[in-house]
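Dear colleague,

Please find below the structure that I am handing over to you, together with its sequence. My findings follow directly after it.

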Amino acid sequence: MKWTHALGLCLLVMGALAGLSVYRKNLTPYISFKDAVRSSGIVQVHGTLEKSFTHYDGKELSFRIKDEQGTMMDVRYADVKPGNFDQARDIVAIGRFESGQFHAQKLLVKCPSKYQEMQRKQGAPVPQGGV
Amino acid sequence: MFFGIALIWVGFLSALGASTLYFAVGKGRAELLGLARGLFALMSACLIGSAAYLLYLILQHQFQVEYVYQYSSRELPTYYLVSCFWGGQQGTFLLWAMYGGIAGLVLMRTARAFEGWTMFFLGLVQSFLLLLLVQRNPFVTLPNVPLDGQGLNPLLQDPWMVIHPPILFMGFTAMVVPFVFALGALMKNDADGWIKPVMPWAVFASWVLGTGLVMGGFWAYKVLGWGGYWGWDPVENSSLIPWLTNTALIHGIMLQRTNGSLKRTNLLLGICSFLLVVWGTFLTRSGVLADFSVHSFLDLGITGYLVAFIVVFAAMGLGLFFWRFGGIKAGPVYSTIWSREFFVLTGVILLGISAGLTLLGMSSPLISQLFGPPSAVQSDYYNRVMVPVAIVITFGMAFAILLKWRGNDKSVMEKFVWPLALTAVTTVALWLWRVHQPLWLLLTAGGSFAFFSNVWAFASKKQKEPARAGAYLAHLGFGILLIGAVVSNGYETKEKLELPKDQAVRSMGYQLTYKGILGSTDGKSIALVDVEQGGRHFAARTRMYYSSYNQGVMRKPAIDRGLGHDLYIAPIEELNPARESLQAEMKVNEVTDVGGYRVRFDAMRLENAAGLMSGAGGKVYADLTVTDTQGNETKASPALVVAAPGQQSSPGAMPSGLGQVAITGMQVNEKKVQLSFDGQGGMPDKVEIRRGETVQLGKASVQFVDFRVPDAGAMKEGRPASVFVDLIVTPQGGKSSPVAPSVSVGGGAPREESLPAKLAGGGEVKIADLKADDQTVKLDWSNVPGLHPETPPTLAVEVTVKPLISLFWLGTLLTSIGFLVTLVRRAREWGAARSMSA
């Protein structure tokens with residue numbers, strides 16, 4: 001083996017190790033509210049929006065979500081309210097839990113899609129109804 | 001529609017037939033070639049035909065076709081109707097399959113010795129795509145004929161979105177050609193002969209896919225308003241990864257041509273790019289990433305097919321590869337480090353590594369599930385790992401072009417002098433300006449080095465043939481693209497501002513004045529901001545509107561483009577405290593105090609109630625008694641006029657030979673409907689039927705079952721809705737079938753006009769909103785002078801100055817042109833080789 005090969009291999013291995021460590025640091029696990037409260041890192045949670053707890057003052061959005069186990073969590077998002085937030089049914093929040101609240105850095109808003117509703121009612125794309 | 005479904009089926013069967021025959025041709029049965037070509041051409045014709053037919057159905061508003069109903073609507077202009085074609089999954093797969101058919105037509109004329117095997121594999125890929133289309137046929141019809149479609153996502157209503165998807169899919173499809181060539185080479189056990197014919201295809205694939213990616217980025221920058229053009233989203237990554245591996249293949253082929261090295265690597269790269277396209281399609285289309293991406297992916301129930309698609313072709317490709325692996329002998333890549341070979345090899349390796357790193361990040365939610373909770377990676381991961389890789393790539397691009405093939409050039413050092421000197425000057429200038437982060441500074445240095453080296457290398461050539469300028473252009477373009485990306489992202493300045501109407505606000509050297517909301521003919525209102533800098537004015541027309549399709553507020557930025565920097569103004573929202581406080585909601589018989597007035601809501605009065613219900617239009621009055629501070633009583637009756645100018649009748653198709661039936665009028669309260677037929681089959685011109693009645697007309701009996709409003713809520717709220725008239729038609733001696741003509745009410749935007757009522761003390765009151773069910777009105781008092789202190793409406797915006805972003809776009813343009821020039825050169829080369837051998 002030539003010294004260049006050895007050097008190249010060495011660099012590649014070092015690069016791979018560095019890459020893996022960055023990768024692990026940036027992983028945001030998708031976890032339950034209970035685990036999110038205990039976790040110190042950046043995580044991803046998913047819950048149904050509890051409409052009546054939403055508050056937005058133009059600078060910060062706060063709202064409450066409920067997960068499948070029925071656990072509630074208050075979320076703060078210090079940014080512009082997403083355009084389709086008012087129609088949202090489910091919210092995916094990415095951030096960390098700190099001093100009693102979930103501080104979201106990013107929100108994914110899940111709206112009930114007309115199209116999905118229709119797909120569910122296979123074979124009856126136009127639902128029945130009277131005047 | 002039967003015709004379309006039949007075309008897809010014929011296409012599917014002929015694809016199977018063609019690949020079977022081509023298998024035999026590959027095995028040496030040359031006499032079957034004519035038939036194989038014929039069948040493949042038939043498949044291509046079916047695909048082109050069905051694509052044209054789907055487009056025709058969209059343009060003709062044939063909403064009985066489910067796909068047309070789901071992704072288009074009447075209000076769209078023609079050019080956006082075209083983009084409805086790829087609004088949904090089935091359309092994109094049809095587009096993909098059609099491109100595959102066209103690629104096959106070119107391939108069968110040019111592949112020569114490789115025709116049998118390449119076309120066999122292409123036929124297999126086409127069969128899979130067509131099987132998918134058979135299962136999720138875009139021509140499936142609905143039981144009823146809706147009046148209007150659901151429309152196209154307004155985000156996609158942009159000129160760039162008309163051309164971006166078809167170009168991107170062309171790139172995806174083109175990746176299949178290196179794949180089938182690599183497999184063909186493995187079948188023929190000929191690891192050398194495939195690289196010349198595949199070269200133009202590989203360059204074409206990278207060119208088209210890269211151009212498509214850039215267009216997508218440009219669209220995101222212009223429309224989405226978050227200020228960037230690349231977000232490391234799975235959708236973007238799934239196109240970037242095959243671009244990286246395919247571009248690695250192009251460089252690998254260069255090395256193989258030069259010294260017969262990298263034969264196995266090239267075969268593997270050729271196989272991988274297509275498999276990665278399919279993998280990306282699987283990730284983004286199957287719904288597995290739905291909780292990890294801003295794009296909301298729908299599971300159309302094709303996950304199983306896509307998995308089978310990947311497994312079959314991965315097993316086939318990699319199986320063949322490892323079967324032949326041991327028998328392929330290749331020479332060493334380079335003899336000295338100071339040679340072009342070494343640095344091109346570096347490029348191949350680094351392109352492969354970048355593809356791997358992106359793949360790892362994109363597939364993270366799936367991979368991490370093997371070890372614990374599913375985890376996505378944040379975009380910071382990509383930025384961190386790709387910057388070092390990109391730095392090495394840029395230096396490699398510079399060294400590769402300055403050094404010679406086989407190296408050993410005595411005068412090599414002097415070639416480095418000028419490019420290095422110019423790079424040093426640029427880097428110092430950038431550092432002095434503000435680029436201090438070491439890795440970013442290094443990346444801009446690498447970008448400038450790549451730029452100056454390629455300019456220098458081309459300028460110092462003795463013969464400057466434009467036809468050979470492709471690689472130089474692509475590389476120098478890539479260099480400045482990176483400089484633009486680093487500077488515009490890393491060193492932008494951003495500020496959130498609140499702009500009170502008509503008051504100038506200073507920020508970052510600009511003077512911004514909010515001028516108010518303007519209506520727009522397309523219903524997407526404009527929030528106008530006047531921007532002034534040194535006497536130059538720019539009218540920033542940011543857009544903010546509610547989209548019923550997306551069920552949310554859409555915001556579109558305004559961009560003042562410049563060579564030095566872009567000014568990017570993204571609207572956030574209009575805060576209008578005055579309007580809010582001057583609106584009061586009241587129920588019937590309620591009394592409220594508004595300012596100095598005491599208001600009693602006496603009654604809600606409907607004019608033409610039947611018309612209101614049926615959508616023909618009508619008027620709603622709110623009868624008020626207003627008492628001012630002096631005790632003077634006035635009656636005021638503001639009104640809301642509901643008109644339905646957009647009312648449209650959609651005929652229903654009668655059983656064969658009986659033509660069509662249309663609604664000409666209806667009285668819902670009296671349970672009557674007036675129908676008209678188009679005269680075929682002895683049907684009368686006009687008839688009135690009551691609900692439940694059956695009448696004998698011409699050659700059929702017609703029963704009027706009932707009115708039907710699928711979206712009754714919409715009608716009550718005054719949003720557009722359709723009223724269907726359900727008929728059962730029984731032709732003489734035939735079977736009964738349901739027919740449902742309909743009228744749309746409100747079609748498009750609800751057309752309501754608020755008529756204000758004058759008050760005795762001056763000013764006027766109008767209805768802002770009403771809920772007929774609850775007997776509630778929302779009244780607007782903002783036109784009563786002196787009622788409240790004036791608070792101007794305020795527009796909240798985010799203003800960003802993005803330095804040197806023009807370099808990024810210029811770089812992408814030059815790179816794209818570079819690929820095109822190379823494509824022409826390589827295609828000519830293969831053309832010349834073919835005519836030599838012929």
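In this predicted model, strand S10 (residues 583-587) of chain B pairs with S29(B) in the antiparallel sense, over 5 bridges. Within that pairing, B:Glu585 stands opposite B:Lys778 in S29(B). Strand S29 also pairs with strand S28 (residues 764-771) of chain B, again in the antiparallel sense and over 5 bridges. Here B:Leu770 is the residue that stands opposite B:Val777 of S29(B).

Strands S18 (residues 660-667) and S19 (residues 672-677) of chain B are joined in the antiparallel sense over 6 bridges. In S19(B), B:Phe677 is the bridge partner of B:Val661.

In chain A, my attention turned to the surface. A:Trp3, A:Leu7 and A:Leu11 make a nonpolar surface patch of about 390 Å². Of these residues, A:Trp3 lies in helix H1 (residues 3-26) of chain A. A:Trp3 counts as exposed because its relative accessibility is 65%, the cut-off for exposed being over 50%.

Yours sincerely

Conventions. Residues are numbered from 1 along each chain as its sequence is written. Chains are lettered from A and ligands numbered from 1 in the order in which they are written. This is a predicted model: local features need pLDDT of at least 70, side-chain atom pairs count only at pLDDT 80 or more; totals for chains, interfaces and linings use all residues. Side-chain values use heavy atoms; hydrogens and water are left out. Two strands pair if DSSP finds at least two bridges between them. Helices (H or I, at least four residues) and strands (E, at least two) are DSSP runs, numbered from the N terminus. Patches are made of residues with over 30% relative accessible area and no salt bridge: like charges are joined within 9 Å, nonpolar side chains (Val, Leu, Ile, Met, Phe, Trp, Tyr) within 5 Å. Accessible areas come from the Shrake-Rupley method with a 1.4 Å probe; for residues, only the protein chains shown count as cover. A salt bridge is a side-chain nitrogen of Lys or Arg within 4 Å of a carboxyl oxygen of Asp or Glu. Buried means under 20% relative accessible area, exposed over 50%, partly exposed in between (1.4 Å probe, protein chains only).
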